[in-house]
Amino acid sequence: MRRIVLKSLIKSFTSLPSAAVLAMCALSAAAPAHADDGSKIAFVSSERILREANPAKAAQSKIEAEFSKRDKDLQDQAAALKVKADKLDKDSAVISDSERTKRQRELSDLDKDFQRKQREFREDLNQRRNEELAIVLERSTKAIKQIAEAEKYDMVFQEGGVYVSPRIDITDKVLKILNK
């Protein structure tokens, strides 16, 4: 379950279609400005960063350690709930209606409590995961900028973001025309 949630979270951070549209727009804007001077453009996969980078792996391990006890408690509670539900089904034919109603109410209350705890667990887990992944993505962005400046890339596309060298940024020119 934890891996599935992480994968869906990663996908929300890394929308490839939006990166592709952004890349096409940026390329169409940048290409005429410096088509003949050998502009350098690169790409970074955020999904691979979040899956393979040591800080991302460390963050995942930290989160798993932080939430493992609560996860085990929830699993134990689910198992106990199933045992009680099975016992009620088994005993249903031989117990009185009032006893059956009483057990059904108890089971319903236990199930509501379990659902609440499970929802709180998922919310807390997602919040912590978002916090940890934000740190990894921030470090990734700094690394991208460092590499882009050191190796003189004009533009680095990243799923969910882009680094652009000021040398090819024509925003001031566009603003000048729009503000006339």
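Helices here are DSSP runs of H or I with at least four residues, strands are runs of E with at least two, and both are numbered from the N terminus. All of this comes from a predicted model, in which local features need pLDDT of at least 70, side-chain atom pairs count only at pLDDT 80 or more, and totals for chains, interfaces and linings use all residues. Residues are numbered from 1 along each chain as its sequence is written, and side-chain values use heavy atoms, with hydrogens and water left out.

The partner of α5 (residues 97-150) in the packing described here is α4 (residues 54-91): the two sit at an angle of about 170°, with 10 Å between their axes. The axes themselves are lines fitted to C-alpha atoms, for helices over the stretch in contact, and the angles run from 0 to 180 degrees between N-to-C directions. As for who takes part, the contact of α4 with α5 has 16 nonpolar, 18 charged and four polar residues. In that tally Asp, Glu, Lys and Arg are charged; Ala, Val, Leu, Ile, Met, Phe, Trp, Tyr, Cys and Pro are nonpolar; and the others, Gly among them, are polar.

L137, in α5, counts as buried at 16% relative accessibility, and its C-alpha atom is 9.7 Å from that of P55, 82 residues away along the chain. D113 also lies in α5, but is partly exposed, with a relative accessible area of 24%. From D113 to Q77, 36 residues apart in the chain, the C-alpha separation is 9.8 Å. The cut-offs are under 20% relative accessible area for buried and over 50% for exposed, with partly exposed in between (1.4 Å probe, protein chains only).

Just after α5 comes K152, with a positive phi of about 55°. This residue, which is not a glycine, is found in the loop between α5 and β2 and is exposed, at 62% relative accessible area. Strand β2 (residues 155-158) holds M155, which is buried at 3%. The C-alpha atom of M155 is 4.8 Å from that of I41, though 114 residues separate the two along the chain.

Stepping back to the chain, there are six helices and three strands, in the order α-α-β-α-α-α-β-β-α from the N terminus on. Of the 180 residues, 27% are buried. Among contacts (heavy atoms within 4.5 Å) between residues at least 6 apart in sequence, 73% join residues at least 24 apart. The chain exposes about 12400 Å², with carbon and sulfur atoms supplying 57% of it; the areas come from the Shrake-Rupley method with a 1.4 Å probe, and for residues only the protein chains shown count as cover.
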